[in-house]
Amino acid sequence: MPGPDRRRFLSQLLGGAAVTLATPAWLRAGETIPAGKGRGEDEAYWHRVKEQFSLAPGLILMNAANLCPSPYPVQETVFRHTRDVNRDASFQNRGKFGALKEEARRALAEYVGASPSEIAITRNTSEGNNSVVNGLDLGAGDEVVLWDQNHPTNNVSWDVRARRWGFTVRRVSTPDSCEDAGQMVDSFVAALTNRTRVLAFSHVSNASGAGIPAMEVCRVARERGILTLVDGAQTFGALDLDLHDMGCDFFTGSSHKWFMGPKEAGLMYVREESQERLWPTHVGVGWEGAEANGAQKFENMGQRDDAAVVSMATAAAFHEAIGPVAVEERVRGLVLAIRERLTDAVSGVRFHTPLAPELSAGVLVFALPGVSHGEVFQEVYETHHLACTGRGGAFDGIRLSPHIYNTLDEVERAVEALAAHV
Ligand SMILES: Cc1ncc(COP(=O)(O)O)c(C=O)c1O
C-alpha cells in the first residue's frame, strides 16, 4: 500500500477507537506518528507508548511470551463491538462483520508480508499448529522432523497424529546458548533425509529464548521439497516479519501474545502454493464460499467472537503506527539492557538465550546461581510486582519477556528485584 493510502487507512482504523481513550490521547482521531520522530533512544517516547496501556500502577510486566495486555485503542474496539452485538444480535446488525473481518485479514497480511488469501484468522497458535499437524497427508514411510524445543502443540501433537497414521517423528537438538547461526542451521539440515516430508520448528523457543534462522532453514527444506511449519508464537508482534521472504509454507501466531491484540484470536499463514496440500480440520456453515477463497477454508468453524476477530485490524494498525522496525528494535534493546544489568548485578548468572540477533528476539531465559527459580518467580511478584516466568526442566531459570510497554526504569527495577533474591 503506498504511503498516503497507508496513512489514511491507519487513521481510519485507529480514529474510531482512539477518540474514546481513557488516558491521554496520544493517538488521536486522524493522527499518526510521523516516521522517524521520537524513536530509538528517546525514552520519553516509550513512556508515551506505555500510557496507551491500562497496566496496574507499579506492576513490572515482563511476560509477553505468555500473555500481553492490549493498548486502549484495541480494548476500545473490542468493547465497542462486544456491546454492539449484545445490544442487537440480529443477522442484520451482525452483517457488517463480514466486511470488517476482510479488513482485518488485509491488515494482517500487510503486517506480516503476505497476501490476504494466505491468511486464516484462527483462535491461537495452538489451533494453527494442530491444523497443520492434522491437515497434511502423511503415512507409513514418511518422516516429520521437529526441534526438540517445540511447544507441545507442535511437538506432542505430531506424536499423537503419528500413532494414528504410522509416520515417524524425529527430533533435532541444538546446543544450549549457541552463538553460531551456521551450526544451528546445520543441526536441522543434518537431520533431513529423503523420507522427510515436514520440518516444524519454533521461530523462537518459549523454553530457552533461542531463535532459528528461519529463512535459511526454510530455503534448504524447500530445495528438497520438504514443507515447513514455523511456529511464530514468540515472534508475531515482536519482530518485523516478511513471510514471503522467510519462505515457509505455514506460519502460526497468537494475537494475545506479542501482537497485543484481542484475546483468543490468532493467525495462520498458508503459502498460496501449499494450500492444496493442507486439508481443512473444521468444515462448517459457509464452506462453499470459503473453499474457493484461499486460506479462508482453514477458519471455517462456526460462530466466532466477531469482536475479537475484527479488532485484530486495530492491533495491526497500532503496530504500523509505531512501526514494526521500531517495535523490534525496542524489544531487542530492552533485552540487551536486561542482559547487561544482570551480568553486572548477579555474579554467576548464566544465559540460556544466545546474544546474536539472528538467534534470539524478545525472550530471555537465564539461570540464577543457587536458587529455586519457582520460588524466585513467586517472591519477585509478591515483593517487587515483577511478573515473569519461572521455568524448570532443561532450561531451568527465569524467563523475562519485555515489550514496548516496558521502560528502562523498569529494567533497573526488575534486575534489582531478581538480585535481591539471589
Ligand atoms: C512457541 C509457542 N507455540 C505455541 C504456543 C501456544 O500459544 P496459544 O496458547 O496462544 O495457542 C505458545 C505459548 O506460549 C508458544 O510459546
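Helix H6 (residues 125-135) lies across strands S2, S6, S7 and S8 (266-270) of the predicted model and runs at about 155° to S7. Helices (H or I, at least four residues) and strands (E, at least two) are DSSP runs numbered from the N terminus. Contact requires that the C-beta atoms of two residues, placed from the backbone, lie within 7 Å. Axes are lines fitted to C-alpha atoms, for helices over the stretch in contact, and angles between N-to-C directions run from 0 to 180 degrees. Because this is a predicted model, local features need pLDDT of at least 70 and side-chain atom pairs count only at pLDDT 80 or more, while totals for chains, interfaces and linings use all residues. Residue numbers start from 1 along each chain as its sequence is written.

S2, S6, S7 and S8 belong to an open sheet of 7 strands with mixed pairing, in the order S2-S8-S7-S6-S5-S3-S4. Strands S2 (119-122) and S4 (168-172) form the edges, each pairing on one side only, and the twist averages 20° from one strand to the next. Pairing is assigned where DSSP finds at least two bridges between two strands. Within the sheet, S6 (residues 227-231) and S7 (residues 250-254) are joined in the parallel sense over 3 bridges, and Asp231 stands opposite Thr252 in S7.

Asp231 also takes part in the surroundings of the ligand, together with Asn66, Asn124, Thr125, Ser126, His151, Thr153, Ser202, Asn206, Ala233, Gln234 and Ser254.

The protein is divided into domain 1 (101-318) and domain 2 (325-419), with bounds that come from an automatic or database domain assignment. The domain centres, taken over C-alpha atoms, are separated by 27 Å. Contacts between the domains involve 20 residues of domain 1 and 21 residues of domain 2. On the domain 1 side, the touching residues are 10 nonpolar, 7 polar and 3 charged.

A second open sheet contains 4 strands, ordered S9-S10-S13-S12 with antiparallel pairing. Strands S9 (350-351) and S12 (389-391) stand at its edges with a single partner each, so one side of each lacks a neighbour in the sheet. S9 pairs with S10 (residues 364-367) through 2 antiparallel bridges, with Arg350 opposite Ala367. S10 is in turn joined to S13 by 3 bridges, also antiparallel, and Phe366 faces Ile398 in S13. Another 3 bridges link S12 to S13 (residues 397-400) in the antiparallel sense, where Arg391 has Gly397 as its bridge partner. Helix H14 (residues 373-384) lies across S12 and S13, at about 170° to S12.

Helix H15 (residues 408-419) contains Val411. Val411 is buried, because 24 other C-beta atoms lie within 10 Å; the classes are buried at 20 or more such atoms, exposed at 12 or fewer and partly exposed in between, with C-beta atoms placed from the backbone. Beyond residues up to four places away in sequence, Val411 touches Leu334, Ala337, Ile338, Arg341 and Asn406. Val411 and Leu342 are 69 residues apart in sequence, with a C-alpha to C-alpha separation of 9.6 Å.

Key. Nonpolar A, V, L, I, M, F, W, Y, C, P; charged D, E, K, R; others polar. Near = placed C-beta within 6 Å.
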